[in-house]
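Student: I've just opened this structure and I'm new to it. Can we go through what the labels rest on?

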Amino acid sequence: MAPKTTTVRTLKYDYLGMDVKAIQRSMANTLEYRVGKDMYTATPRDWFHVVAYTVRDRMMERWMETMRAYYRENAKRVYYLSMEFLIGRSLVNNLRNMGIYEAVDEALREFGLDLEAIIELEPEAALGNGGLGRLAACFLDSMATLGIPGYGYGIRYEYGMFKQKIEGGRQIEHPDNWLRYGNPWEFPRAEVLYPVRFNGRVVEYTDEQGVARHHWVDTDEVIAMAYDTPIPGYGNNTVNNMRVWSAKSSRDFDLGYFNEGNYIKAVESEAESENISRVLYPDDTTSMGKELRLKQQYFFVCATLRDILYRFDKYHDSLDLLPEQVAIQLNDTHPAIAIAELMRILVDERKMEWKRAWKIVTGTFAYTNHTLMPEALETWPVSLFARILPRHLQIIYEINHNFLKDVMHRYPGDADLLRRMSIIHEEGERRVRMAHLAIIGSHRVNGVAQLHSRLMKETIFSDFDRFHPEKFVNKTNGVTPRRWLHHVNRPLSRLIGGRIGDGWVADLDQLRRLAPLAEDAGFRAEFRAVKLRNKERLVGLIKRHMGLEVRADSMFDVQIKRMHEYKRQLLNLLHVITLYNRVRGGADIVPRTCIFSGKAAPGYAMAKLIIKLINDVGDIVNHDPVVADRLKVVFIPNYDVSTASDIIPAAELSEQISTAGTEASGTGNMKLALNGALTIGTLDGANVEILNEVGHDNIFIFGHTTEEVARLKRDGYDPRDYLHANAELAQVLDMIGGGFFSPDQKDLFRPVVHALTAGGDRYLLLADYAPYVTCQEHISTLYRDADAWTRKAILNVAAMGLFSSDRTIREYAEDIWHARPIRIDLNHHE
């Protein structure tokens, strides 16, 4: 029975009010009719769901109108494919972006409730792990704020990566059951289901026109079910969509096994199918782990492409229009199998001629590279591909054959060039090089910082740049100022707004107006007071959760990022031990609290050993009466968006010390500088552009440059030369290797010392140790002059306009996607 259109429209456009009384009415109704409680029985978590649903309801009219407007305007849509979306807590972000934080706060206060306490109850969505996922989340925020018709696509992980706990100084991984209490932001779409196939075999046949065709048959199947999360823009009516996929079994519960008493066998098929979306990045050191990761990647791109084409087909008759109407951005190589999948759909299912299909594919995809390290570029064994995705391997072979034929025609006789550029790595175990597939199948390939993009073209992808120079472009990363200043650092946000207004929240370049205030003694004093307030808050959190007392008047020296040897948390720790020895030797140092936080991959033994070393050094330093409170070492566990939000506003020194030429960009450097921390760093990643923006006088640069690193390695780097020339360094390594910090197991940290000496010191810690320590001495001297330090901190904040993800997304939209913003008018009635 069809609904009465007039009645439906009247109800549809009866928009929910944004004032305090309207919000309170919504909360009362939600509590009773949706949560099923009253004021007497509701728990704090019930109230979190009440507030979330109340806010979500107010996004719905904007969400629906946004989707309708995109259809009305025949807008080109951008699809951002990422294995991770580290969106953090949604409540505070949605409240501020919707402009109703104060109204909801007042409404709750009149109920005798505290909004800040309710916000703390929200579990973080475990849909990501590190910088890749946080970048994707920033990009979704910016697309919505700019009105770009953008959709995020990924996987709805049931447990995410893991929750990190520190026990006995070691990282212990626990399941992160973030969905235990439900997720009020998501909409399950039980009607949006797509079959995803694996395994099987390929049957070749000839159609009635005499064209060779292929059937992929005898496959295993799982079902992808969609879950939608609205993503509101700031200060506008746009609400975009993030759609993530959950794996469901395509086979029914086996009642026969159940009735026989074989309960495990009865649900075995369902459990195996649903494992695909169970955990982010399963350990791929085993063959089963590798298989699961490949299945995850294909699972989400297969369902995503089905969904994209379903939406496209509703309003367009010709697939030749796909590049004009659709832009698909591959966030790293994880979704690169989408190139082969779209070719399979066009050639096998839509019966399209290969050349025409390839033109559509390459016009639709673009690829973002995130690493310069060859060993980090994703590859898959051909044997695994042949078993899991046999038809896709055939398609990849055909893509490779056609591409290498073009290369051979342009550079005849260069067999070594063909070997280097081939999608298939032929030496040893044959492997599929996913970055090569992504480059060949995309019309644009971008790096994420100027240095990274240059090195990408000069080193790992130099052959491809020579062959297709027009493909390679730079798009320096950015961070959303809504989340990373306006939301997480309210005291500084209010201070800035009180002097230059709030326009900077959507136009970060306006922060330049702060530069003259660096010379205003009154503003400097207010800025210092804000920083102290943020530090005092973090001091309280460290005391409450870790039982450790630190001084709010000490320098907060911060390194917060994924644990990896190239990021050189160990170099930072060598300096900490150097300071410790100096204090024990009677030196007068600037009081310093050294804060570390970050997770190590479960199978990364050295990174986990470094976490143990940091905690063991902290145990000795923090309890040494000679040191007292002049030096503290803190490892804050379970680094995530909320933890970063606690640490970043309090940070004063930002450690960005990766070996030059290893970090693609980094975004932690941007977040910390945006909140008034000074950077100590190498000329790596986006540090180079931060230097260009803030000036040499307002950043601390040390260490070997990319070119010097290459020359040092080429000439035969021996780290022991640096060790023998530096007595302080030798003392530090003797303490680590000799068991000073591990008295119960003297040889525990010898592998660390071995890696730095006989092991070759791959990331040049010993070569950069002396300049790093010297640079830290200059920092300590400056820190004693509070006015000079604050002046530089203000100038750092003022210079951060370039590093807004709004600028990044605007560049993507103009140069890669060719997508225009759409203005959403809530008064548009159809």
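Student: What makes the largest nonpolar core a core, and which residues have the most contacts inside it?

Tutor: This is a predicted model, so everything here is computed from its atoms. A nonpolar core is a set of buried nonpolar residues joined through side-chain atoms within 4.5 Å. The largest such set has 156 residues, and Trp245, Phe299, Phe385 and Trp817 have the most contacts inside it. Helix H3 gives the largest share of this core, twelve residues.

Student: What does Phe385 touch?

Tutor: Leaving out residues up to four places away in sequence, Phe385 touches Leu294, Ile337, Trp380, Pro390, His392, Leu393, Ile396, Val432 and Met434. As a general point, nonpolar side chains tend to be buried together in soluble globular proteins.

Student: Why are E5 and E16 said to stand at the edges?

Tutor: They belong to an open sheet of nine strands, in the order E5-E8-E9-E2-E1-E10-E11-E15-E16, with mixed pairing. Strand E5 (187–198) and strand E16 (472–474) each have a single partner strand, so one side of each is left without a neighbour in the sheet. From one strand to the next, the twist averages 25°.

Student: How do you know that E10 and E11 pair?

Tutor: Two strands pair if there are at least two bridges between them. E10 (residues 326–331) and E11 (residues 365–368) have four bridges, in the parallel sense. Asparagine 331 stands opposite threonine 368 in E11.

Student: And what packs on the sheet?

Tutor: Helix H10 (residues 287–313) does, touching E1, E2, E5, E8, E9, E10 and E11. The direction of H10 makes about 115° with that of E5.

Student: Why is the pair of phenylalanine 198 and tyrosine 298 said to tie parts together?

Tutor: Phenylalanine 198 lies in strand E5 and tyrosine 298 in helix H10, so the pair joins parts that are 100 residues apart in sequence. This pair is edge-to-face, with 5.9 Å between centres and 75° between planes. Phenylalanine 198 and tyrosine 298 are both buried. The structure holds 22 aromatic pairs.

Student: How do you know that arginine 156 lies over the face of tyrosine 227?

Tutor: The distance cut-off is 6 Å from the ring centre, and the charge must also be within 35 degrees of the ring normal. Arginine 156 is at 3.9 Å from the ring centre and lies over the face of tyrosine 227. The charged end of arginine 410 sits over the ring of phenylalanine 467, 4.1 Å from its centre.

How values were computed:
Residues are numbered from 1 along each chain as its sequence is written. This is a predicted model: local features need pLDDT of at least 70, side-chain atom pairs count only at pLDDT 80 or more; totals for chains, interfaces and linings use all residues. Side-chain values use heavy atoms; hydrogens and water are left out. Helices (H or I, at least four residues) and strands (E, at least two) are DSSP runs, numbered from the N terminus. Axes are lines fitted to C-alpha atoms, for helices over the stretch in contact, and angles run from 0 to 180 degrees between N-to-C directions. Contact means heavy atoms within 4.5 Å. Rings of Phe, Tyr and Trp (its six-membered ring) pair if their centres lie within 6.5 Å; planes under 30 degrees apart count as stacked, over 60 as edge-to-face and the rest as tilted. Buried means under 20% relative accessible area, exposed over 50%, partly exposed in between (1.4 Å probe, protein chains only).
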